[in-house]
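Here is a short briefing on one chain. Keep the structure open beside the text and follow the points by topic.

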Amino acid sequence: MKAAIIDQFGGPEVFKIKEIEKPKVKPDQLLVKVKTVGINPIDWKQRKGNHKFVLGSPFPIVLGYDVCGEVVEVGNKISKFNVGDDVFGVLNNKYGGAMAEFAVGNEFCFAIKPKEISKEEAAAFPMVSLTALQALRDKVGLKNNQTVVFNGASGGVGHVAIQIAKLIGAKVITVASKSSKKFMSQFNPDEFIDYTEQNVLNTNIKADVFFDVIGNLTFPKVKHLLKSGGTYLNLNYIHSITKLPVNILHQIFSKGKKAKTILMKHDSSDLDMISKWIQEKKIKICLDKVFNLDQVHKAHQYAEQGHNKGKNVIVISE
Ligand SMILES: NC(=O)c1ccc[n+]([C@@H]2O[C@H](COP(=O)([O-])OP(=O)(O)OC[C@H]3O[C@@H](n4cnc5c(N)ncnc54)[C@H](OP(=O)(O)O)[C@@H]3O)[C@@H](O)[C@H]2O)c1
């Protein structure tokens, strides 16, 4: 099968389009004919080798976690899906494996693709919406009328998280650049802060939750913006783990204010909930750029600049 592989870590130029062996399906896996792949920052971080000390270097590596496609084979332990189903989800292999004509994943990675959205939108949804949902519901327990600040509001996770926060009935303050203001306005934020003009740390905001989506701040820097008992959530998991001792010290003197992080969990029932919201038109995904497999270098180059409005997607097949 045709795949975008890397056989060394490095810049976007390390991608090669090659013929490799089709993955074999295990009893608890589905084999999917890939239609579209969503790009997430984890993909270009892994291409650079940022996670090689944990995940190793099993070259040739096929990157990409977010996928939409058609089930073409099911293992004998699969009960929820059938051949011919259109599915979307987040793959659970070490490095993903979506940027190829075929990919495998366990049943809990997938849900049936809602008919209301395109294959491009379906590949853009899974990782960012699972992260946003699990962060706001499970990690911070966001409630109606609470105030939440989103730093990095206009990217993949941010623009979906805002919509979920609005569904919950929270007051939403978004931080992004001037270039994202128009894009943000479709989600009716209660306040927009242009970080090129104003430093959010110098405002008199008092929030229940400060969601540092882009992860370039820290609990000690942000805690004065939190109400007593408020939560600072940083999405940069590895950075947050290294800050744990400092954050624990700061929490002791911070009136119940907490610093947290999150790692997205594979959960098909959460994906089903997201699918229901999509069908009810309660949330939508915005696509910035759509590429084809031969443009994978360009796609990573663009995504890595970190100024996309919404999501970038690669089309593998029709
Ligand atoms: N822990 C987990 O399980 C998990 C899951 C998913 C993602 N993540 C991590 O979460 C982070 C965000 O992911 P994403 O998919 O939302 O990324 P993304 O789509 O690449 O985010 C791009 C957005 O970041 C904004 N941005 C860039 N610099 C900024 C700054 N200095 N201040 C505020 N906003 C800024 C940009 O807005 P402007 O163009 O307006 O500058 C752009 O809209 C990544 O580091 C990713 O690895 C973690």
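Two strands pair if DSSP finds at least two bridges between them. The model is predicted. On that basis, Tyr 232 stands opposite Ala 259 in β13.

**Whole chain**
- The chain holds 11 helices and 15 strands.
- Its radius of gyration is 20 Å, close to the 20 Å that the globule rule gives for 318 residues, so the chain is as compact as a globular protein of that length.
- Along the principal axes, the C-alpha atoms fill a box of roughly 55 × 40 × 35 Å.
- Buried residues make up 46% of the 318 residues.
- Take the contacts with a separation of 6 or more: 70% of them link residues 24 or more positions apart.

**Nonpolar core**
- The largest nonpolar core has 92 residues.
- Val 67, Met 99, Val 148, Phe 150, Ala 161 and Phe 211 touch the most other members.
- Helix α4 (residues 126-139) gives the largest share of this core, seven residues.
- Domain 1 (2-125 + 285-315) and domain 2 (128-261) both contribute residues, so the core lies between them.
- In soluble globular proteins, nonpolar side chains tend to be buried together.
- Which residues does Met 99 contact, leaving aside neighbours within four places in sequence? They are Ala 3, Ala 4, Val 37, Val 62, Leu 63, Gly 64, Val 296 and Ile 314.

**Strands β11, β12 and β13**
- Strand β11 (residues 207-212) runs parallel to β12, and five bridges join the two.
- Val 209 has Thr 231 in β12 as its bridge partner.
- Strand β12 (residues 226-234) also runs parallel to β13, here with four bridges.
- Thr 231 stands opposite Lys 258 in β13.
- Strand β13 (residues 258-261) has Ala 259 and Thr 261 on its covered face. Lys 258 and Lys 260 are on the uncovered one.

- Most residues other than glycine have a negative phi, and most peptide bonds are trans.
- What kind of peptide bond joins Phe 59 and Pro 60? The bond is cis, with omega about -5°.
- Pro 60 sits in the loop between α2 (52-55) and β4 (66-74).
- Asn 145 is not a glycine, yet its phi is positive, about 70°. Its place is the loop between α4 and β8 (147-151).
- Is Asn 145 buried or exposed? Exposed: 12 or fewer neighbours is the cut-off, and Asn 145 has 9 C-beta neighbours inside 10 Å.
- Asn 188 also has a positive phi, about 50°, without being a glycine. Its place is the loop between α6 (181-185) and β10 (191-194).
- Asn 188 counts as exposed because it has 10 C-beta neighbours inside 10 Å.

Methods: Residues are numbered from 1 along each chain as its sequence is written. This is a predicted model: local features need pLDDT of at least 70, side-chain atom pairs count only at pLDDT 80 or more; totals for chains, interfaces and linings use all residues. A residue is buried if 20 or more other C-beta atoms lie within 10 Å of its own, exposed if 12 or fewer, and partly exposed in between; C-beta atoms are placed from the backbone. The radius of gyration is taken over C-alpha atoms; the globule rule is 2.2 Å times the number of residues to the power 0.38. Two residues are in contact if their C-beta atoms, placed from the backbone, lie within 7 Å. A nonpolar core is a set of buried Ala, Val, Leu, Ile, Met, Phe, Trp, Tyr and Cys residues joined through C-beta atoms within 7 Å. Domain bounds come from an automatic or database domain assignment.
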